[in-house]
Amino acid sequence: MAKFDLNDSGVVVIVGSGAGGGTLGNELAQKGVKVVILEAGSRIELQDFVNDEWESFTQLAWSDMRTTSGSWRVAKDFPNLPAWIVKAVGGSTTHWAGASLRFDEHEFKVKSAYGDIAGANLLDWPITLAEMEPWYTKAEDKMGVTRTNGIAGLPGNNNFKVMEAGAKKLGYKTVHTGNMAINSEPRDGRGACQQIGFCFQGCKSGAKWSTLYTEIPRGEATGNLEVRPNSMVIKIEHDASGKVTGVVYADESGAMQRQKARVVAVAGNSIESPRLLLNSASNMFPNGLANSSGQVGRNYMRHMTGSVYAAFEKSVHMYRGTTMAGIIRDESKNDPKRGFVGGYEMETLSIGVPFMAAFLNPGAWGRSFTSAMESYPRMAGMWLVGEDMPQETNRITLDPKAKDKFGMPVASVHFDDHPNDVAMRNHAYKQGAAVYEAVGATVTYPTPPYPSTHNLGTNRMSEKPKDGVVNKFGQTHDVKNLFISDGSQFTSGAACNPTLTIVSLAIRQADHIAGAMQRKEI
Amino acid sequence: MREVDRRSKYDRRVFLKGAATTVPAVAIATSTGLGVSDAWADDASTLTPATLKTLVKMARDIYPHDFLGDSYYITAVKPWDGKAAKDPAVKSLINDGVAQLDQAANERHKVPYVQVSWENDRVALLQRIEQTPFFQKVRGDLVVSLYNQKEVWPKFGYEGSSAEHGGYIKRGFADIDWLPKA
C-alpha cells in the first residue's frame, strides 16, 4: 500500500472518500496518478457494522456540531442534525440505500424546461444527458446496477409487494424493484443480497456497492492510492499565483499536518465542501476560495422529501429485506398540470422501531402516536423523493459563533421550502396514501422529511463563472487545480437519488484530471 | 406468513443467574411474573423515590402502551437519577418540573400527579407544560430510552438484528399472503 510524503507536491489530494472522492481516487490511481485521500472519519470495515439503528448511528453518522435556521421542520426538531450522512471511510456510500437512477434529459436543463419560477435560482447544467450517457453506462457497470448490463432485478419483499399491488390498482405503469447497486446475484467479487434489512446501517454482506470495499481497496492495490482516515481537512492553501498548493489537516492525534498537492479535489458532501472553501478564505480570496461568483454555499438542495407509512389489518413486516428495492416512476415526469414543475419518485422505505419512534412525527406523544407505533408490524412505507428548487437564500454559511474542536467555524444550514416543493410534497402525500388505501390501508401517516440525506448544489456547475462555482468538469472557475467532486456540483437536483450521477461525474472527472495533468495544464 | 413471537427473546434465567448486580430488581420481578414491587426506586441516590415514580407515570402517559409493564418505563426513566447526581442543573430541572406538575395536579384534582385517576386528566396536565424544557427533556430522552430497549422490540413485532440469522432471505422477506392478485 502506498505511503506518500507530506512534502510530495506531485500528489492529487482528495478530501473525502464517499461516492465522489472514493470513486475519483480509484479511477485516478488506475490511471497511474498518485493520490492521497484524506477522510475525516475512521475506517470501519463491513464486519464491524451493526444491525442496530442507534448504535450504528453512533458508529457511522456525522454528528459533529452544525447549526440550522429557516422554516424547515428539521431546524426545530433536530437543530444540530441538519443532515443524516456518514463520517467514515466510504462516506455515505456505507449508509446509502443503493437506488441508482439516471437523470431525465430535461433535468439537465431545468431553466429551459421550467422557465422562470419566482424565487428559484434555476440554471441549465453545462452538460447534457447525451454527454453523460457513456459515463452513466460505466458507473452502472462499476456499481452493478440491477436492470442494467443484463443484471436481474432484486426480488420484491413484503413492503414492495404492498406498494406494487396498490400502484397497479391506481393504474401506475412503471413499478418494479428498482435500479439498485445491490447484487441480485454474485458479481464482481461480492455476493448476492441476503435481504438483511439494514441497508442504512452498512451492508454486512457487501452485496450493496460502497467505495469502502470496492473502489478504495482496488485503488490501494495499484500502489498509487493512500487513504488516511481520521484526517480532517481544515484549510486549503494557495500560492501567490492563486494556484492551490496543498491542505492543512488535523491528523488522528489532532496534530496539524500540511500535505502538499499538485491538485486538490473536494468531496466532503454539500455541507462540508462549501464550509471548507469558506474557511479557506485568504487575502487573495477574501470571500472564500473559488467564490468570486458568491455562489459557494448557495442553492443548497435537499430534495423534496417525505414519507408515507400506512397501517393495514394484517402483517406486512416491512423491515424484512432490502430497504429501498421498490419504485413507482410514473410521477417522475415534468407535468406542470399537477400544480408544480419537476417530478418525484416513490420508493419503498422502512425504518425500525427505534427510528420510527424518533422520526414518524418528531415531538408527538400520546395515544394517537402510540397507536401508530403499535401498528408497526402491519405497516408498509414509502419514501417520496423529488426535485426541489434551488434558491440562493438556502445556503451553507459559517456559523458566527459555534466552532469545532480545531477552532474552525462550523457550518450553518439555512433552508426554507419553495412553494413548488410544498405543492409537490402535498401531491406526493396524497398519491402515496392513495396507493396504500387501494389495498386496504386503515390509516396513513404523512411523515415529514428526515434530516437530509441528499445534500446538493452548494458549489454548482455553470457555463459562466458568474453563475456558479465549477465548470462542466467540476473544476473551479477561479482556481484551475482545484476541483469539486461531490453532489455539491449539482446545478439542479432532479427527481431521482443522486449517487449514480455523482459516481458518473467522478469517473468523467478522473479522465479530465488525468488528461490535464498529462498535458501539464494543471 | 411468519409472525413474530411477541414474547421477549431474553431468557429470564440470564437475569436470575449472576447478572443481579447489573440487572435491577425490576427485571427479576418482571421475569418471575411477580410484578414490580415498590422497592425499585429505593436505591436512588439523588432523586427521591416519589420523584422517580412520578416520572414513570409521566412516561406511561407520554407513550402509553398497555401491553408494556411498568418495568420498561422504569428502565427508561431510572437513568435520570444518575444524570441528576452528575449535574445539578438536571437535578433541579427534574425536581422543579415534578414539583410544578404536582402543584398543578393538586390545584385541579386535590391530589399529586400520580394519584390523578384518569389518564385523560393527567394528559391535560402534561399538555399545559408541553413547551417547558422539563417536559421536552423528559420526552426527548424517553423516545430513545423506551423504544431503544431490545426487550421491547418483539412486543412491537420488530425482530432487530438479522445479519447473524442470514438476513430474511429464508425467513419471510416475501411471505405476505393476503394481498389481492395483481
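Trainee: How many residues sit between β6(A) and β7(A) in their hairpin?
Mentor: Five residues lie between those two strands. Keep in mind that this is a predicted model. In the turn, Gly242(A) has a positive phi of about 90 degrees.

Trainee: How many bridges hold β6(A) and β7(A) together, and in which sense do they pair?
Mentor: They pair in the antiparallel sense over six bridges. β6 covers residues 232-238 of chain A. One bridge joins His238(A) to Val244(A) in β7(A).

Trainee: What does β7(A) do with β8(A)?
Mentor: They form another hairpin, with five residues between them. Gly254(A) is in that turn, with a positive phi of about 90 degrees. The pairing is antiparallel, over five bridges. Look for Val247(A), whose bridge partner in β8(A) is Gln259(A).

Trainee: Is β7(A) mostly covered or mostly open?
Mentor: Mostly covered. Five of the seven residues in β7(A), which runs 244-250, are buried.

Trainee: New topic. What is the strand order in the five-stranded open sheet of chain A?
Mentor: The order is β5-β2-β1-β9-β17, and the pairing is parallel. β5 (225-228) and β17 (482-484) are the edge strands, each pairing on one side only. From one strand to the next, the twist averages 20 degrees.

Trainee: How many bridges link β9(A) to β17(A)?
Mentor: Three, in the parallel sense. Val264(A) has Leu482(A) as its bridge partner in β17(A).

Trainee: Is Val266(A) buried or exposed?
Mentor: Val266(A) sits in strand β9 of chain A. This residue is buried, because 34 other C-beta atoms lie within 10 Å, and the cut-off for buried is 20 or more.

Trainee: Which residues does Val266(A) touch?
Mentor: Leaving out residues up to four places away in sequence, the contacts are Val15(A), Ser273(A), Leu276(A), Ile484(A) and Ser485(A). Check Phe483(A) too. Val266(A) and Phe483(A) are 217 residues apart in sequence, yet 6.1 Å apart in space, C-alpha to C-alpha.

Trainee: Over to helix α11(A). What span should its 19 residues give?
Mentor: At 1.5 Å a residue, α11(A), residues 419-437, should span 27 Å. The end C-alpha atoms are 27 Å apart, so the two agree.

Trainee: Which residues of α11(A) are buried?
Mentor: Among them are Asn420(A), Met424(A), Arg425(A), Ala428(A), Val435(A) and Tyr436(A).

Trainee: And what covers the buried residues of α11(A)?
Mentor: The cover includes helix α6 (158-170) of chain A. It also includes strands β10 (304-311), β12 (344-348), β13 (379-386) and β16 (443-447) of chain A.

Trainee: Chain B next. How many helices and strands does chain B have?
Mentor: Eight helices and zero strands. Buried residues make up 33% of its 182 residues. Take the contacts in chain B between residues at least 6 apart in sequence: 61% join residues at least 24 apart.

Trainee: How do α3(B) and α8(B) cross?
Mentor: The axes of α3(B), residues 49-62, and α8(B), residues 133-145, come within 11 Å and cross at roughly 70 degrees. Therefore α3(B) is roughly perpendicular to α8(B).

Trainee: Which residues meet there, in α3(B) and α8(B)?
Mentor: Leu55(B), Met58(B), Ala59(B) and Ile62(B) come from α3(B). Val138(B), Arg139(B) and Leu142(B) come from α8(B). The contact divides into six nonpolar residues, no polar and one charged.

Conventions:
Residues numbered from 1 in each chain as written. Chains lettered and ligands numbered in written order. Predicted model: local features only at pLDDT ≥ 70, side-chain atom pairs only at ≥ 80, totals over all residues. Helix = DSSP H or I, 4+ residues; strand = E, 2+ residues; numbered from the N terminus. Expected span 1.5 Å × (residues − 1). Buried ≥ 20, exposed ≤ 12 C-beta atoms within 10 Å, placed from the backbone. Contact = placed C-beta atoms within 7 Å. Axes fitted to C-alpha atoms, helices over the stretch in contact; angles between N-to-C directions. Parallel < 35°, antiparallel > 145°, perpendicular 65-115°, else oblique. Nonpolar A, V, L, I, M, F, W, Y, C, P; charged D, E, K, R; others polar. Pairing = 2+ DSSP bridges.
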